[in-house]
Amino acid sequence: MTTTTIAVIGAGIGGLAAAAALHRRGIDVHVYERGDTLREQGVGMHLGPNGTRLLTRMGLAGQLARKAVRPEALEVRAFHDGSTVARQEMGAAWEERFGAPYLTVHRGDLHRMLASLLPAERVHTGRELTGYEESAKGVTLRFAGGTVTRASALIGADGVHSLVRRRPAGPERPVYSGNCALRGLVDAAALPDLDPALMYMFAGPAGRVLLYPVSGGRQFTYVAVTPAPEGPDESWTSAAGPADLDAALAGWAPQVRALVGAARDVRRWALYDRAPLERWSTARTTLLGDAAHPMLPHHGQGANQAIEDGVALAICLKEEASGAAGIAAALRRYEATRRPHTTRVQLGSRDGRPTTTEKRNSSMNTNLGNTGSNNNRNVNNQAADVAWILANDVEANLNDNHVANTLHSNAA
């Protein structure tokens, strides 16, 4: 049996962000990952200013500059002919507005950046949690193979199928959105009609296709969201193929149809979430990221909220007194700060999914019956709807004394 202070279960984006934030503040932390290697599956992801400001303060500005992309604008295109119907300026305008950039990045690149912030001996692979017991003295963790570890607190960052979540959540069923996403990566050179400095959304009668640059602009991530009956598995990495993409994009613009020939590894992601929990924490355990608040991807906030969770948790644990009473108080403060915010984001992400309203409302689908100014007003209003999310600074909200410099001085 070994003893540590904080045990984080799961070495995904949220788990590593939490561990990095804890380690940065001098808190003893160990991460336990069930996989035999430290890697992150998936394709691209969005980093809003609410996330990038925190990552910059962690010291990742240089790596983000090399690997991520700051899209200059989002262009909304008509699905049938690819004509531009609206444009939302981003780039420098959003960085000035929100105090940090909006970036797009490959998940694997961000995962490696976060792992680089931790000493290798703090991350333990091949450790699958099978159970845990909480007592007044701490938490005893039991892993497959018989390994036992004792910690002062247990953080469940073990994803949507979290074992740690089962106790506060009890029996629950995933909530299916009615949509699935086909997604993957393509070389930017295979889409010569699209500028890798921009994001694109092609909005169709019953779905949408989003393309955005990653890997320093060398690749595009594509996500094609379409209605689909609920399948037998809740998976975000099940196999698909170019034929599935071909069928989903029949009749779409040539710029989108080019994906069919360019895509190699196509994955199907069934879009589920969960009902918000009424509580996350006990005196010794809590949740973060998808384990706490799995959300649909339509605001691009899943990873950002997990990063915010990790930083907020680290602040709360650092600023409370040591010992059992201090840990319990820290977890209460963390949940009181984060749960109302993430619940609002989670439910808002449901509102952002494709609906039958899009079928009736052609303002994002064609140029018919709408002027360019109306379309631009529509997309600008959508951006304004999420401005409160992008402007959030979880460290400033918690008055963290360890942020001594501004975002700009850290970036320098």
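Four bridges join strand E9 to strand E10 (residues 148-156), and the two run antiparallel, where strands (E, at least two residues) and helices (H or I, at least four) are DSSP runs numbered from the N terminus and two strands pair if DSSP finds at least two bridges between them. The model is predicted, so local features need pLDDT of at least 70 and side-chain atom pairs count only at pLDDT 80 or more, while totals for chains, interfaces and linings use all residues. Residues are numbered from 1 along each chain as its sequence is written, and side-chain values use heavy atoms, with hydrogens and water left out.

**Strands around E9**
- Strand E9 (residues 138-143) is largely enclosed by the rest of the structure, because five of its six residues are buried, that is, under 20% relative accessible area with a 1.4 Å probe and protein chains only.
- On one side of the pairing, strand E8 (residues 129-135) and E9 are antiparallel over six bridges, forming a hairpin with two residues between them.
- Leu141 in E9 stands opposite Tyr132, and its bridge partner in E10 is Thr149.
- The hairpin of E9 and E10 has four residues between the strands, and Gly145 there takes a positive phi near 95 degrees.

Conventions. Buried means under 20% relative accessible area, exposed over 50%, partly exposed in between (1.4 Å probe, protein chains only).
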